[in-house]
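This briefing concerns the structure shown below.

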Amino acid sequence: MKIGIILGSTREGRVSPQVGEYIKQIGDKREDASFEIVDIADYNLPFLGTGPANQAWNDKINELDGYVFIVQEYNHGLSAALKNAIDSARQEWFNKAAGIVSYGSGGGIRAAEQVRTIMAEQSVATVRTHPAFNLFTDFENMSVFKPGAHMEKGVEDMLDELMLWSKAFKTIRP
Ligand SMILES: Cc1cc2nc3c(=O)[nH]c(=O)nc-3n(C[C@H](O)[C@H](O)[C@H](O)COP(=O)(O)O)c2cc1C
């Protein structure tokens, strides 16, 4: 299984690369999947409708068997960059599974639940277990990611669920 860890934020000073790398380190211990960081910022996606569709983005989403979304909360919602990236592909997402990892002052729960709803419309099934990190307790100075050791189990559970569904969905894709 090829799993993409999608960084949802693009702003200067963002913490999503640290969170994504932490998930990748846990994923890399597995033998049933390979994990790669997929950074939206690398694709310079146009705002939907303002330029040609980004073929490289569509190809990347297409080649992956499953996803882990790194979701941060902006004004009680997901980032505009992540929403635009999700909207910028269509059938490339279909019939796949995803896990959600979020963070914010309240764990990024509101943004994460929005991603769940949005992905339902892209025919992506999001797994139940959802590791949520708190900006005040899992980050030093809200900028250096220092999750408690107890959080690792939740990430492993989320990846177990993601692998089960990713393998199942692979059997029904053309
Ligand atoms: C424009 C903006 C709005 C934000 N709104 C919220 C919010 O509603 N709830 C929350 O928990 N955190 C909020 N935050 C804090 C972010 O979750 C925090 O800065 C986080 O590190 C953002 O992710 P990033 O560093 O990967 O960009 C906001 C941050 C920004 C920049």
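In this predicted model, a polar contact of 2.9 Å joins the side chains of Arg30 and Asp160; a polar contact is a pair of N or O atoms within 3.5 Å, and within protein one must be able to donate a hydrogen and the other to accept it, while residues adjacent in sequence count only if both atoms are side-chain atoms. Local features need pLDDT of at least 70 and side-chain atom pairs count only at pLDDT 80 or more, whereas totals for chains, interfaces and linings use all residues. Residues are numbered from 1 along each chain as its sequence is written, and side-chain values use heavy atoms, with hydrogens and water left out.

**Arg30**
- Arg30 is placed in the loop between helix H1 (16–27) and strand S2 (34–39); helices (H or I, at least four residues) and strands (E, at least two) are DSSP runs, numbered from the N terminus.
- With a relative accessible area of 19%, Arg30 is buried, since buried means under 20%, exposed over 50% and partly exposed in between (1.4 Å probe, protein chains only).
- Beyond its neighbours within four places in sequence, Arg30 is in contact with Phe35, Glu156, Leu159, Asp160 and Met163, contact meaning heavy atoms within 4.5 Å.

**Asn134**
- Asn134 belongs to strand S6 (residues 132–134) and counts as partly exposed, at 21% relative accessibility.
- A polar atom of the Asn134 side chain lies 2.7 Å from the backbone nitrogen of Phe136.
- Apart from neighbours within four places in sequence, the contacts of Asn134 are Gly104, Ser105, Gly106, Gly107 and Phe139.
- Phe145 is 11 residues away from Asn134 along the chain, and their C-alpha atoms are separated by 9.9 Å.

**Helix H3**
- In helix H3 (residues 80–87), the buried residues are Leu82, Asn84, Ala85 and Ile86.
- Their cover includes strand S1 (2–7), H2, S3 and helix H4 (109–121).

**Overall fold**
- The protein chain has five helices and eight strands, in the order β-α-β-α-β-α-β-α-β-β-β-β-α from the N terminus on.
- Its radius of gyration, taken over C-alpha atoms, is 15 Å, close to the 16 Å that the globule rule gives for 174 residues, so the chain is as compact as a globular protein of that length; the rule is 2.2 Å times the number of residues to the power 0.38.
- Of the 174 residues, 51% count as buried.

**Confidence**
- The mean pLDDT of the protein chain is 97, and 100% of its residues reach 70 or more; pLDDT is the predictor's confidence in each residue, from 0 to 100.
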